[in-house]
Each structure stands twice: as C-alpha cells, then as structure tokens.
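Hi,

Here is the structure I promised to send over. Have a look at it first, and then read on for what turned up.

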Amino acid sequence: WYELDADGKITISKDNDKTSFINATASKKIKIVPTITNATAAGFDSQRVSKMIKDSEESVSNFVDIAIRNNYSGWDLDLEEVSAKDKTKYNEFISLLADELHKNKLTLSVTVHAQTGKDDWSGTKGQDLESIGNSADFVRVMAYDYHNTESEAGPITPTSYLIDTIKYTKEKIETKKIVMCLPTYGYDWAKKVVTP
C-alpha cells in the first residue's frame, strides 16, 4: 500500500486499492497492518531508506500519524538492501519507531533478508537481526530466492540453506517473533538459444 519516494517520504503506492479492501473488511474486525517498501521499477533503492532515517523523529511521527488516522493496527517494513553504512542509524530508527508505535498500542513487523552468519550476500549488511528482533514484534525472514532470475538454475530455498537460516535466526531473535517466509512459486529457467 505504501512506498518510499525518492526523497525518503512515505507515499501511497500507485496500484493501491486500499479503500475497497478496508470497506470490505470493516464489519469483520480484521486488523490491518500495511506494508511499506523501498522497491522501484529498477529494484530496491537503499538511498530512499538513507533519506528516510536521516530525520528519524519526523519519519517516525509520520508513520504513527498515518497509522492512527487510518485505524491501522501497526506497520510492516519491507525495506530491503539497506546500506551497510546505515546499519546503526537504521537500528536506531527501528527502535524509535517500535517505541512510538507501542505507546499507541500499535505493532511493528520488519522484513529481513535471510542470513546464515557465513558468506551472506552484501544486501544483508545493513540489517542487524539481533537489534531488529529486540525492537520489532515480528521479524519476517525472506528464506527464498537463493536461486532466482539472476542466478543459475537451482532450488529457490535449498533445505540446507533453510536449516542454516533458521538456526542462525534463532540465535539472534526470540523464536516467538520469527516468521519464516517460504516460496510458493517457481521459476522457468530457460537457456538462451544462440543461433549460428
């Protein structure tokens, strides 16, 4: 429903149909926790996160205001490929956001890249599992795309990788807070045909 714009500000996603969803669920007392992302047509933009956390207090205030105004139950942050240089500032932002949401009886879930603690890819370097786990109510671990559209063909979530991810995540985060996200899709890896 939400995304960060080029200035790191919260904006409504273009393909947002939240009004009809809210109307359809209003009488059913379903808790609504929208997701915000830093995804763009070109991929995940770490600069948008950098700009958002530059003024953490203003950003946190905006998150809380939007949640209260729209009667949301909290927020889910799907901010991917956070820059390693922003790790400390991002941790501070998550902590402050969690505190302010909790003061208003709202929840926070944070989506993170899967980590095993050994040879993790560079996109994980801005996410400190232990710090995020100490602040957030739930941590959603993306345990998929080990093999993907940019890689050679192979399992999207190899069993050994999943086991290593679970073990490492449990060392850093309380088990009751962990949500392990698994793929329900597949890829069609097609070899490029080269004609002579």
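One term before the rest: a crossing of two helices is called left-handed if the near helix is turned anticlockwise from the far one by less than a right angle, and right-handed if clockwise. Also bear in mind that this is a predicted model.

**Helix packing**

With that term in hand, take α2 and α4: they cross in the left-handed sense. Helix α2 covers residues 46-54, and its axis comes within 10 Å of the α4 axis, at a crossing angle of roughly 60 degrees. Angles under 35 degrees count as roughly parallel and those from 65 to 115 as roughly perpendicular, so α2 is oblique to α4. On the α2 side the contact is made by Val49, Met52, Ile53 and Lys54, and on the α4 side by Lys89, Tyr90 and Phe93. Sorted by class, the residues where α2 and α4 touch come out as five nonpolar, two charged and no polar.

Helix α4 (residues 87-103) also packs against α3 (residues 56-69), at an angle of about 40 degrees and with the axes 10 Å apart. Which hand does the crossing of α3 and α4 have? Here α3 passes α4 in a right-handed crossing, whereas the crossing of α2 and α4 is left-handed. From α3, the residues that meet α4 are Ser56, Glu57, Ser59, Val60, Phe63 and Val64, and their partners in α4 are Lys89, Phe93, Leu96, Leu97, Glu100 and Leu101. That contact of α3 with α4 has seven nonpolar, two polar and three charged residues.

**Salt bridges**

How many salt bridges does the structure hold? There are eight, and here are some of them.

- Glutamate 58 pairs with lysine 9, with the closest N and O atoms 3.3 Å apart. Glutamate 58 sits in helix α3 and lysine 9 in the loop between β1 (2-4) and β2 (10-12), so this pair links distant parts of the chain, 49 residues apart. Glutamate 58 is partly exposed at 36% relative accessibility, and lysine 9 is partly exposed too, with a relative accessible area of 39%.
- Arginine 140 pairs with aspartate 76, the closest N and O atoms being 3.0 Å apart. Because arginine 140 is in strand β8 (residues 138-142) and aspartate 76 in strand β6 (residues 74-78), the pair ties together parts that are 64 residues apart in sequence. Arginine 140 is partly exposed at 28% relative accessibility, but aspartate 76 is buried, with a relative accessible area of 3%.
- Lysine 118 and aspartate 164 meet through their side chains in a salt bridge of 3.5 Å, N to O. Lysine 118 belongs to the loop between β7 (107-113) and α5 (129-135) and aspartate 164 to helix α6 (residues 159-172), so parts 46 residues apart in sequence are tied together. Lysine 118 is partly exposed at 49%, as is aspartate 164 at 26%.
- Glu174, Lys176 and Lys177 are linked in a salt-bridge network.

**Three buried residues**

Isoleucine 178 lies in strand β9 (residues 178-181). Is isoleucine 178 buried or exposed? Buried means under 20% relative accessible area, so isoleucine 178, at 18%, counts as buried. Not counting residues up to four places away in sequence, isoleucine 178 touches Val139, Val141, Thr169, Lys170 and Ile173. Its C-alpha atom is 9.8 Å from that of serine 109, which is 69 residues away along the chain.

Glutamate 3, in strand β1, counts as buried at 19% relative accessibility. Leaving aside neighbours within four places in sequence, glutamate 3 is in contact with Lys9, Ile10, Thr11, Ser13, Lys14, Ile36 and Thr37. The C-alpha atoms of glutamate 3 and aspartate 45, 42 residues apart along the chain, are separated by 11 Å.

Serine 135 is in helix α5 and is buried, with a relative accessible area of 13%. What does serine 135 contact, once neighbours within four places in sequence are left aside? The answer is Ile94, Ser95, Ala98 and His102.

Cheers

Methods. Residues are numbered from 1 along each chain as its sequence is written. This is a predicted model: local features need pLDDT of at least 70, side-chain atom pairs count only at pLDDT 80 or more; totals for chains, interfaces and linings use all residues. Side-chain values use heavy atoms; hydrogens and water are left out. Axes are lines fitted to C-alpha atoms, for helices over the stretch in contact, and angles run from 0 to 180 degrees between N-to-C directions. Helices (H or I, at least four residues) and strands (E, at least two) are DSSP runs, numbered from the N terminus. Contact means heavy atoms within 4.5 Å. Ala, Val, Leu, Ile, Met, Phe, Trp, Tyr, Cys and Pro count as nonpolar, Asp, Glu, Lys and Arg as charged, and the others, Gly among them, as polar. A salt bridge is a side-chain nitrogen of Lys or Arg within 4 Å of a carboxyl oxygen of Asp or Glu. Buried means under 20% relative accessible area, exposed over 50%, partly exposed in between (1.4 Å probe, protein chains only). Angles under 35 degrees count as roughly parallel, over 145 as roughly antiparallel, 65 to 115 as roughly perpendicular and the rest as oblique.
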